Amino acid sequence: MQFSKLISFLAAAVAAHATNTVTFVSQDASDRTVYFTSNPNMAKVPDTKVPGGQNVTVEIPHAWQGNWFAVRDGEPVVPGMLGEVAFNGWNGITYFDVSAIVNPNDKNNVKQMWPAGEEEPVSGCVLFPCNFAYYLPDDVQTKATLETDLFCSLGSSEASSIDKRSFDADSTPSFPRDFVMGRWSKN
Ligand SMILES: *[C@@H]1O[C@H](CO)[C@@H](O)[C@H](O)[C@H]1NC(C)=O
C-alpha cells in the first residue's frame, strides 16, 4: 500500500470511530431523567439527568443500537415516547426515529431528533400526534444521517426556534423501522 493511501486509510478509520453523542435539549423548566435501553449484546448507557432548560450531551458507544425515554422528576418511571437509534450502521450510516408505538400518551418528554450539524432530517413532533413519528410498526419514518452527533429535544417549546423543525421533515428520505432496529444488515 502506498504511504499516502495508508495515511488516508488510517484517517478514515479514525473518522469511522469518532465518538457518538446524543445531546438532550431541555425546552422547559422540568428536570428529567433519560432512561436508556440497549438492544441485546449492546453496552449499557447510564441513565442521565437533564435539568430544566439545559443541554446535556451523552456519549454513546460505537455501533450502539437502542432507545431512550425521558421522565419528569416525581413521575412514575414507565416507558414513554422513544428516541430510537442505530449508530454507525451499513456504510457508516446512523438511523434514528421518534416512536410513539410503546406509549403514544407521553407527549411532553422526547419530542424531536435531528443531526447536530444539520437542520434535517428531523424525526418526531413539536406537538403529538404528527405525521413524523412512528405510530404503527409499518409506518416509514426512520431517518438516516452520516453524522454521529444527534440532538433530541425534551419538553414543550412554544417559543423555541426548534419548533420550526417540523417544516420540511417530509422532504428528506425515510426508511422502514427495520433499519433502526438493526435488521438492515441481515440477508
Ligand atoms: C441547546 O441546544 C440548542 C440546539 O443547538 C440551542 O438552540 C440552545 O441554545 C442550547 N441551549 C443551551 C442552554 O445551551
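**Note on the predicted model**

1. Of the protein's 187 residues, 48% count as buried (under 20% relative accessible area, with exposed over 50% and partly exposed in between; 1.4 Å probe, protein chains only). This is a predicted model, in which local features need pLDDT of at least 70 and side-chain atom pairs count only at pLDDT 80 or more, while totals for chains, interfaces and linings use all residues. Numbering starts from 1 along each chain as its sequence is written, and side-chain values use heavy atoms, with hydrogens and water left out.

2. The protein exposes about 9,500 Å², of which carbon and sulfur atoms supply 56% (Shrake-Rupley method, 1.4 Å probe).

3. Among contacts (heavy atoms within 4.5 Å) with a separation of 6 or more, 66% come from residues 24 or more positions apart.

4. There are 1 helix and 11 strands, taken as DSSP runs numbered from the N terminus (helices H or I, at least four residues; strands E, at least two). Along the sequence the pattern reads α-β-β-β-β-β-β-β-β-β-β-β.

5. An open sheet of 6 strands runs in the order β3-β2-β5-β6-β7-β10, with antiparallel pairing (two strands pair if DSSP finds at least two bridges between them). Its edge strands, β3 (48-50) and β10 (143-145), each pair on one side only. From one strand to the next, the twist averages 25°, with axes as lines fitted to C-alpha atoms and angles running from 0 to 180 degrees between N-to-C directions.

6. Within this sheet, β6 (residues 82-86) and β7 (residues 94-99) pair in the antiparallel sense over 5 bridges. Ala 86 stands opposite Tyr 95 in β7.
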